[in-house]
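Please open the model in your viewer and keep the selection tool at hand. The stops below go from a single residue to its wider surroundings.

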Amino acid sequence: MAATELRGVVGPGPAAIAAPGGGGAGPPVVGGGGGRGDAGPGSGVAVATAATAGGPGPGAGGVAAGGPGSAPPAAGSGGSGAGGSGSAREGWLFKWTNYIKGYQRRWFVLSNGLLSYYRSKAEMRHTCRGTINLATANITVEDSCNFIISNGGAQTYHLKASSEVERQRWVTALELAKAKAVKMLAESDESGDEESVSQADKTELQNTLRTLSSKVEDLSTCNDLIAKHGTALQRSLSELESLKLPAESNEKIKQVNERATLFRITSNAMINACRDFLMLAQTHSKKWQKSLQYERDQRIRLEETLEQLAKQHNHLERAFRGATVLPANTPGSTGSGKDQCCSGKGDMSDEDDENEFFDAPEIITMPENLGHKRTGSNISGASSDISLDEQYKHQLEETKKEKRTRIPYKPNYSLNLWSIMKNCIGKELSKIPMPVNFNEPLSMLQRLTEDLEYHELLDRAAKCENSLEQLCYVAAFTVSSYSTTVFRTSKPFNPLLGETFELDRLEENGYRSLCEQVSHHPPAAAHHAESKNGWTLRQEIKITSKFRGKYLSIMPLGTIHCIFHATGHHYTWKKVTTTVHNIIVGKLWIDQSGEIDIVNHKTGDKCNLKFVPYSYFSRDVARKVTGEVTDPSGKVHFALLGTWDEKMDCFKVQPASGENGGDARQRGHEAEDSRVMLWKRNPLPKNAENMYYFSELALTLNAWEGGTAPTDSRLRPDQRLMENGRWDEANAEKQRLEEKQRLSRKKREAEAMKATEDGTPYDPYKALWFERKKDPVTKELTHVYRGEYWECKEKQDWGSCPDIF
C-alpha cells in the first residue's frame, strides 16, 4: 500500500486534532471533496499492490484556515508532455494539499495503470509521495483546468493543470491507462483461480522441454542433410562440365552450377545460424532451469520457515500461558477497551517492514479471550451450562418479541492455519475454499444488515430541519457501521446465489430490511431497508479481497444511498478498506483506513471523513476518525472527531477574524462549548468473547423465525450446524451446498451455450427481489428493490424461490 501523509488536519482551534496521517479540509472548488496532502519523507510505495491506502507519516495538524484556499503557484509550471522511462506520461501538475498551502506543484508519473507523484523529478529515484491505482479509480473533470481522481474512498487527488489543453491531455492519457488497467485486472483475477504450481504443471513443463529438445535435434539433423546433399549436387555438376557436350549445354550447366554454389553458400549461412541458435538455446535453457529450480527451492524453504515460525510462536504462547495468569479483560470493562485488539503492532503498508519486529513483544499484552482457534487460546465451549441440543431447542421456541441474548459458546478446535493458507497468497478470498473453522455463524447478508444497529441515528437525522446538521448524523451512522468489526476477526459465510435475509423490526424499531445475493463471482449483495420514521437505505456491495501473506485486504465496492422522505435529501457514500493483520503469526486485529465522501445530491453539502490508519509511531488515539461538513461553496460548518469503534462528536465551526484579514477556526474553548455527542457504541453482551464477540443485534440475527422465505440465511444447514458446535458436520454440509451451487451454474452455462447455438434468446440469471437498472443519481448500474417480498411473505407465496439449500 502506498503510504500517504496528509498534512492538513481538521481541528478545533489550538487544541488541534494532530493525527499523523490525518488530512486537511477539501479544496475551495465547486464540487470538491475532502482535502488531500503529500506523503511524508521516506513513505515509499509498493506499486504492485492494487489496493492503496493512507499510511503513517510525521505530519501533525495545526489550525487550518476555513476560508478560501491558497492561490496556486504561478502559471507556466504545468504538466509536460509524455515522458520517458517507459511511462505513459509524466509532467508537472498542481495538487491540492490543504487550506494552508493550497495547490502545490508536484511531478506526476503515469505508468502501468498507476499514477504516482513526487515533489520533484529528482525525487523519483528514492521517494514516492503517493500512488493511486486507476483500475478502481474514477476520473472527474471539474472545470477548464481542474480534475479529480478518486478510487472510491481510500484516496482522492484534486489536480489542476496549467491550461485546458494540458488538462485534456492528462485526462485522455488517464482514461486510456484506466481501460488497460481494468483489462489487466480482469485477466489477473481469472488467472488467480489456478493453483500456484501443481504436479500437472511440472509434468507439462518437463514434456514441453523434452519436445523442444527433440525438435532442435531434428533441426540439427536437417542441417547435416542439407550440407551432405549440397556437396553431392556440386560434385555432379562438376562431372557434367567435364563431359564433351555442345557449347549451349555447357552454358546451361555453368548457370546451374553458379546457382547451386549460391544455394550452398546460403545453406551454410543458415546452418551456421541454426548451430548458433542451438548452442544459445542449450546454454540459456540450462540457466532457465537453474533459475526455476532456485525459485522453487526458495519457495519451499520459505514455506518451511514460516511453518516452523508459526509452530514456535504457538509453543511460546502455550508456555507463557502455563507460567502466567493473565487478568480477564472484557471489551466493555474499561474505557481503553478499544486498544486491546490493536496492541499487536502491525505495519500499515508494504513499505513499513521495519515495524514488523514489534509483533513478538506485544503478544503478551493481548487479552486472553481474544485468542484465535488456531492457537488454542480461546475459552473452551465446555463452560456452557446447558447442552447444545437444549440451546438449539430453546432458540426454536423463541418468538419474535423475545429476542435471544445468547448463542452456543464457540468450541475450542485446533487447526493448522498455514497448511490451508500457504497456497492462497494473492488470490481473492471468495474463491478460496475455507472450512467453517474460520467462520462465524452469520452470513455476509446478515453482516450487511448489522449496518442498521444504530438506526436511531437516521431517525434523528430525519427530524433535522437543517441539512448540514442532518449530514452530521448521517456521517455518524456511516462510522457506526464499523463499530461491530473491532473484535470480529472471523469470516462470515459466503452467501449462495439467490440466498436472502430479512429483518422485520417494523413493530419494535420502525424499520424492515431485505438482502439478496445477486451475484456469485464477483460476490455482490443488494440491500434495501425502509423505515416508517422517514428514511430509506439501499446499497449494493461487491466484495473484492486479496490475501497478501501477513495481512488480508477487503475492499467493498459499490455505493450506499440514504433518502429522507420529508425533504427529499439524497445522500451517497462508499465504504473504506478493511485490513486484517497478523494472518500467519500473532493475534489477528482489524483496522479501517481510507476516506469517505458523503454527498447530499439535493443541496450540494458534503462531508469528508478520514479513517486514520493505525501506526505504532503515532501517539494519537487508535482508530481515529476526523471529518468536515461543508456547504456547496466549500465553507466548513461542522468538524467531526471520534473513533470508529467508540463514539463520534460534533463541533460547530464559528469563523473568527484572522491576522491577515482572512478567516480562522474557532478557539479551543469555544469549540469545546459546542461539542455534541452524535453516537456512542453500545456495550457488548456478557460473555461476548465466547460468542464470537457478537453485539446484541448480531445475537438475534440467526435466531429461527417462522414464515421467512425458503432461501433465508437462517435456514442454511451448514451455518446452523456450525452455530451449534457441530463443525465436522457443518464442513460436510458446506461442501454439499457448494457442489450443488456449482452444478446449478454449469447447468445455466450449458443452457446459455445451447441457446447461442440454436439462435434462441436466453435470459441470464436475474435476482428475484431486485432488478438491475441505471441509478439516476450516480449513473451506475445497480440492483434496486422491485417490491413484492413482504406481500409474498404475508400470503406465504414462495413458489418463485429457487431451491438452494
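Select T577 to begin: T577 is buried, with a relative accessible area of 8%, where buried means under 20% relative accessible area with a 1.4 Å probe and protein chains only. T577 lies in strand β17, residues 577–581, strands being DSSP runs of E with at least two residues and helices runs of H or I with at least four, numbered from the N terminus. Its C-alpha atom is separated by 9.5 Å from that of L557, 20 residues apart along the chain. This is a predicted model, in which local features need pLDDT of at least 70 and side-chain atom pairs count only at pLDDT 80 or more, while totals for chains, interfaces and linings use all residues. Residues are numbered from 1 along each chain as its sequence is written, and side-chain values use heavy atoms, with hydrogens and water left out.

Next, select helix α8 (residues 456–463), whose buried residues are L457, L458, D459 and A461. Their cover includes α9, β12, β13, β15 and β25.

Y511 belongs to strand β11 and W535 to strand β13, 24 residues apart. Y511 is buried at 1% relative accessibility, and W535 is buried at 0%.

Finally, select K575 and Y482: the charged end of K575 sits over the ring of Y482, 5.4 Å from its centre, a term that requires NZ of Lys or CZ of Arg within 6 Å of the ring centre and within 35 degrees of the ring normal.

Conventions: Buried means under 20% relative accessible area, exposed over 50%, partly exposed in between (1.4 Å probe, protein chains only). Contact means heavy atoms within 4.5 Å.
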